[in-house]
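Q: I would like to learn how to read a few features of a model. Could we take them one at a time?

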Amino acid sequence: TGNTGDGIAVFYGCIVTRCAVSRNGGDGIQADSHCRIVANACDFNGYQTGDGAGLHIIGNHNRIEDNQCGTADPGIEAAGRD
């Protein structure tokens, strides 16, 4: 908690489940491609910087379900790429 970057950053084919991620300066959870992000609690990310999502999906072919995101700007951001 309370770090200046992202809380959890994963890359290709990872699973993030049942984690609590809060008060990060950046994103709570950032995922690239082919990941499963399930049943996490992401609160107060972008803390004191105003620039961090609860979940930030930067790649394609991900499965996102049953996550709770609060007090972030935005809660969930899915950018994807070509």
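Q: Where is the place of Asp-27?
A: This is a predicted model. Asp-27 sits in the loop that links strand E3 (20–22) to E4.

Q: Is Asp-27 buried or exposed?
A: The cut-off for buried is under 20% relative accessible area. Asp-27 has a relative accessible area of 8%, so it counts as buried.

Q: Which residues is Asp-27 in contact with, leaving aside its neighbours within four places in sequence?
A: Asp-27 is in contact with Gly-5, Asp-6, Gly-7, Asn-45, Gly-52, Ala-53 and His-56. With His-56 there is a polar contact between the side chains, at 2.9 Å. With Asp-6, a polar side-chain atom of that residue lies 2.8 Å from the backbone nitrogen of Asp-27.

Q: Where is Asp-6 found, and is that residue buried, partly exposed or exposed?
A: Asp-6 belongs to the segment before strand E1 (8–10). Its relative accessibility is 29%, so Asp-6 is classed as partly exposed. Beyond the residues up to four places away in sequence, Asp-6 touches Asn-24, Gly-26, Asp-27 and Gln-30.

Q: Which residues make up the largest nonpolar core?
A: There are 10 residues in all: Val-10, Val-16, Val-21, Ile-29, Ala-31, Cys-35, Ile-37, Cys-42, Leu-55 and Ile-57. At least two residues of this core come from strand E4 (29–31), and at least two from strand E7 (55–57). Ile-29 is one of the core residues. Not counting residues up to four places away in sequence, Ile-29 touches several residues, among them Val-16, Val-21, Ile-37, Cys-42 and Leu-55.

Q: What is the order of the strands in the open sheet of three strands?
A: The order is E2-E5-E8, and the pairing is parallel. Strand E2 (15–17) and strand E8 (63–65) each have a single partner strand, so they stand at the edges and one side of each lacks a neighbour in the sheet. On average, neighbouring strands of this sheet are turned by 0 degrees against each other, direction ignored.

Q: How many bridges join E2 to strand E5?
A: Three bridges join E2 to E5 (residues 36–38), and the two run parallel. Within this pairing, Thr-17 stands opposite Val-38 in E5.

Q: How many salt bridges does the structure hold, and which side chains meet there?
A: The structure holds one salt bridge. The side chains of Arg-63 and Glu-65 meet in it, at 2.4 Å from N to O. Glu-65 counts as partly exposed, because its relative accessibility is 30%.

Terms used. Residues are numbered from 1 along each chain as its sequence is written. This is a predicted model: local features need pLDDT of at least 70, side-chain atom pairs count only at pLDDT 80 or more; totals for chains, interfaces and linings use all residues. Side-chain values use heavy atoms; hydrogens and water are left out. Helices (H or I, at least four residues) and strands (E, at least two) are DSSP runs, numbered from the N terminus. Buried means under 20% relative accessible area, exposed over 50%, partly exposed in between (1.4 Å probe, protein chains only). Contact means heavy atoms within 4.5 Å. A polar contact is a pair of N or O atoms within 3.5 Å; within protein, one must be able to donate a hydrogen and the other to accept it, and residues adjacent in sequence count only if both atoms are side-chain atoms. A nonpolar core is a set of buried Ala, Val, Leu, Ile, Met, Phe, Trp, Tyr and Cys residues joined through side-chain atoms within 4.5 Å. A salt bridge is a side-chain nitrogen of Lys or Arg within 4 Å of a carboxyl oxygen of Asp or Glu. Two strands pair if DSSP finds at least two bridges between them. Axes are lines fitted to C-alpha atoms, for helices over the stretch in contact, and angles run from 0 to 180 degrees between N-to-C directions.
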